[in-house]
Amino acid sequence: MARTPRTTRRTPAAPDTPRVPGREEAWDPAGLDDQRGRTVVVTGATSGIGYFAAEQLAGAGAHVVLAGRSPARLRTARAAILEQVPGAAVDEVVVDLASRASVAGAAAELAGLDRIDGLLLNGGSMAMKASETTEDGLPMQLGTHVVANVALVAGTLPLLLRTGRDTGVPPRIVHTSTGFVERLRRPLTDALRTSGFGLVAYTRAKALTEVFGFELDRRLRAAGEPVHSLVVRPGVGVDARTPRRAGVRDETVPGRRNPYTPWAQGKDAAAWPAVRALTDPRARGGELYVPENGVRGVPVRGEPRALAAPDRVGHLWRQLEELAGVTVPVPGAGSPG
């Protein structure tokens, strides 16, 4: 099998690299800043966007921790990364996002690492049957795409904070959303309000993801804490345009047909917004990264949309904490409502 070139490593820029007002900085996915010495956790890392984000980060020198439900698939993903990036530092953590107990155990395991410089919250069920529920009785989309991630943030935030204080470089928490949230007609008012249509339930879950991600960053900034929270939308990534990886994307793995294939991108390119949010020294908390035309291409900063009224954000936050059975430990941060 032909091996793809490893990512070119650049000397990392200073973390406070200034921006030129009114001009979008170019970002090159083939020239990532050197990530050696950094540890990044990636959920949903056994396939698709999560796998390729992990591979690209490993290629730039990061120590990558793959998080996924299946031990066998984690081993396969690790082997695929090592095939592309010989000598890469890759570890595994088992987590079932549909089980609150499993998420709590994984969060405790991750909290035992020496450091976390990045947390990519990419995992979640793509089963579109609205009747499916998690082990704890939550709607599957809400439970795996939002509630589980709230619990992972709560469990790992103390280590993220310590890493930021020790290194002087704020770690990044990156939340994966979708462009479908632009079609949401009404502001969110209740985290438990869902839909009998799978795609609508998925869109509402991703809208809650954005509300939580941006509010997390607001609270971190209000408390003066050295961690950034960002949101990304990957655009459209399809199997037919995704590079082959043994056991991850090959003849042994069923591909999904997609009517958008002629003008979409591979899942390797769909990983770029997340990789930019995790590695670009010019990225800041509270930012949104999207493909340049909204569907595919090099990621650029987007304009976040207000998906909930300001006076409902605090209510939604408290609901998500209650559903996750946690309190997100942002010291001294206040709520807007």
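1. Axes here are lines fitted to C-alpha atoms, for helices over the stretch in contact, and angles run from 0 to 180 degrees between N-to-C directions. Helices (H or I, at least four residues) and strands (E, at least two) are DSSP runs, numbered from the N terminus. The model is predicted: local features need pLDDT of at least 70, side-chain atom pairs count only at pLDDT 80 or more, and totals for chains, interfaces and linings use all residues. Residues are numbered from 1 along each chain as its sequence is written, and side-chain values use heavy atoms, without hydrogens and water.

2. The axes of helix α5 (residues 198-222) and helix α8 (residues 310-324) lie 10 Å apart, at an angle of about 105°. α5 is therefore roughly perpendicular to α8 (65 to 115 degrees). Contact (heavy atoms within 4.5 Å) involves residues including Leu-208, Phe-212 and Leu-216 of α5 and Val-313, Trp-317 and Leu-320 of α8.

3. Beyond four places in sequence, Leu-216 touches Val-153, Ile-173, His-175, Ser-229, Trp-317, Val-328 and Val-330.

4. Thr-209 also belongs to α5. Thr-209 is buried, with a relative accessible area of 5% (buried means under 20%, with a 1.4 Å probe and protein chains only). Leaving aside neighbours within four places in sequence, Thr-209 contacts His-145, Val-146, His-175 and Thr-176.

Technical notes:
Angles under 35 degrees count as roughly parallel, over 145 as roughly antiparallel, 65 to 115 as roughly perpendicular and the rest as oblique. Buried means under 20% relative accessible area, exposed over 50%, partly exposed in between (1.4 Å probe, protein chains only).
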